[in-house]
Amino acid sequence: MGLSVLNNARWIAISQISRSAAQLISVLVLARLLAPAEYGLMTMATVVITFASIFREMGTTAALIQKRELSDRTTTAVFWFNVLTGISVAAIIAVVTPLISKGFRTEALTTVIWALVPVFPIASLASAHQALLERESRFKVLARIEISSAVASLIVAVVLALNGAGVYSLVAQTLTTAVLSTTQLWIASRWRPRVRVAWSELGAVLGFSSNLVGFNLVNFFARNADSMIIGRYIGSAALGTYSLAYKLMLFPTQNLTFVVGRSMFPIMSRQQDERARNAALYRRSVGAIAMVTAPMMSGAFMLREPLVNIVFGQQWAAAAGVLAWLAPVGFLQSIGSTTGTVFMAHGKTATLMRLGIFCAVLQVAAFIAGVPYGVEGVAACYFLAHLVIVPLCLVLALRELDGGLRLLLQRLVGPIASSAIMCLALWMLHAAAPLFAAGIVGFTVSCVAGAAVYALSQHWLFAQRVSDLLRLARA
């Protein structure tokens, strides 16, 4: 099963990297063709669409992947439920859009959101097909679909922007992705829905998915609470500084944990009754994540000032202080966020929702507690909250896997210890030669030196763990 997860991860990573590259190209090219106000309109619309997407298929796709035994009757019921839900969400958004536009004080937002509304019914037509492909671990096919849709939609957006379509070039990009993805998913999946629907089959599915929707809803507000609190009580300038540091921390860790979590979910779901195998798979996966995120976030902590200055400019220097607290949060999140896969694979979405509510309350309390101390105070309290959240999530997830906390900690010792050695080496380098603490050349040398120290310490102190992962990678 380790090889299956690795194969899944390879194709998911290829897809994620390709889509991120397409997104970056989109920003770089379209930013020259569109006005900032048009980008702002799309950003506002995206907030609304992202929130509404939580309810688009009500967590039923994850339920199809997780179920031990899946019948055609259940899949058909889920398909038609998703179609009805997609149409309903689209209708609700279309009706309330004028009110949303008034809330944003932007009348032009109405037509943009209305143009995006068809995304919901279009995407709902292929939710079940995508779930079946993921259930079968056909991630090579999914990668082809996701990459081709992203590239084609980028071409459409650029062509329309060149012809003066403005913000609607971005709208067309989103719609093109939805249409092409849905079409290709229908072609790739051999399953077809029946006309006759056994609605009674939805009972067990909705028991799983309703709790998952509750968790996603709570998580959405928890992840946006810091921005709302900082913007309201500290100001937009502080929010900009915080947001920049947060994105710098979140982008690499979020992408890595997304790849690993999506890879593990169908495998762990298939062997959910074999807890020992799932526990071993989980420990190995978390250890692999830690080997990447521990040195990455440690390096971001040690080199935060030149990193911010070189990448974003001196005007963002204040973000370095925020990054000092958010870098360790990035490592903790990369480990803690994997626990959701365990709960979902074992059908414990009720536990996941309750845990999400507790974590959200603790995070919001931390944000409020940090406000009197400025934006760095908020980041510091966010870090302290994660010192409680992540151990709690790990303990509960491992309890679901029948223990093994000590074995998991053994997997984490190597990356953490080697990262500490790397930090010490960088501190000594900068103390002996201050020029290496500033400038692009010094920053590059520091990165190379830090990576070398980390790799050598891993090889000398934890050679067995490294060779285990390398054997798996070669296989």
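**Notes on a helical chain**

1. Let's start at one residue: Leu 281 is found in helix H12, which covers residues 275–302. Please keep in mind as you read that this is a predicted model. Is Leu 281 buried or exposed? Its relative accessible area is 7%, and buried means under 20%, so Leu 281 counts as buried.

2. Now look at what surrounds this leucine. Leaving aside neighbours within four places in sequence, Leu 281 is in contact with Val 5, Ile 267, Met 268 and Gln 271.

3. Next, step back to the whole chain. It has 20 helices and zero strands. The radius of gyration is 23 Å, close to the 23 Å that the globule rule gives for 475 residues, so the chain is as compact as a globular protein of that length. Along its principal axes, the C-alpha trace spans about 75 × 55 × 40 Å.

4. How much of the chain is buried? Of its 475 residues, 49% count as buried. The accessible surface comes to about 22000 Å², and carbon and sulfur atoms hold 69% of that. Among contacts with a separation of 6 or more, 82% are between residues 24 or more positions apart.

5. In soluble globular proteins, nonpolar side chains tend to be buried together. Here, the largest nonpolar core has 86 residues, and those touching the most other members are Tyr 242, Met 249, Met 268, Tyr 282, Leu 326 and Ile 335. Helix H17, residues 374–400, gives the most to this core, with 13 residues. There is also a second, separate core of 27 residues, which includes Leu 30, Ala 45, Ile 100 and Leu 154.

6. Which residues is Met 249 in contact with, leaving aside its neighbours within four places in sequence? They are Met 297, Leu 323, Leu 326, Ala 327, Val 329, Gly 330 and Gln 333.

7. His 386 sits in helix H17. This histidine is buried, with a relative accessible area of 4%. With neighbours within four places in sequence set aside, His 386 is in contact with Val 329, Leu 332, Gln 333, Gln 363 and Pro 391.

How values were computed: Residues numbered from 1 in each chain as written. Predicted model: local features only at pLDDT ≥ 70, side-chain atom pairs only at ≥ 80, totals over all residues. Heavy atoms only, no water. Core = buried A, V, L, I, M, F, W, Y, C linked by side-chain atoms within 4.5 Å. Buried < 20%, exposed > 50% of the residue type's maximum accessible area, 1.4 Å probe, protein only. Helix = DSSP H or I, 4+ residues; strand = E, 2+ residues; numbered from the N terminus. Contact = heavy atoms within 4.5 Å. Rg over C-alpha atoms; globule rule 2.2 N^0.38 Å. Areas by Shrake-Rupley, 256 points an atom, 1.4 Å probe, with all protein chains shown as cover.
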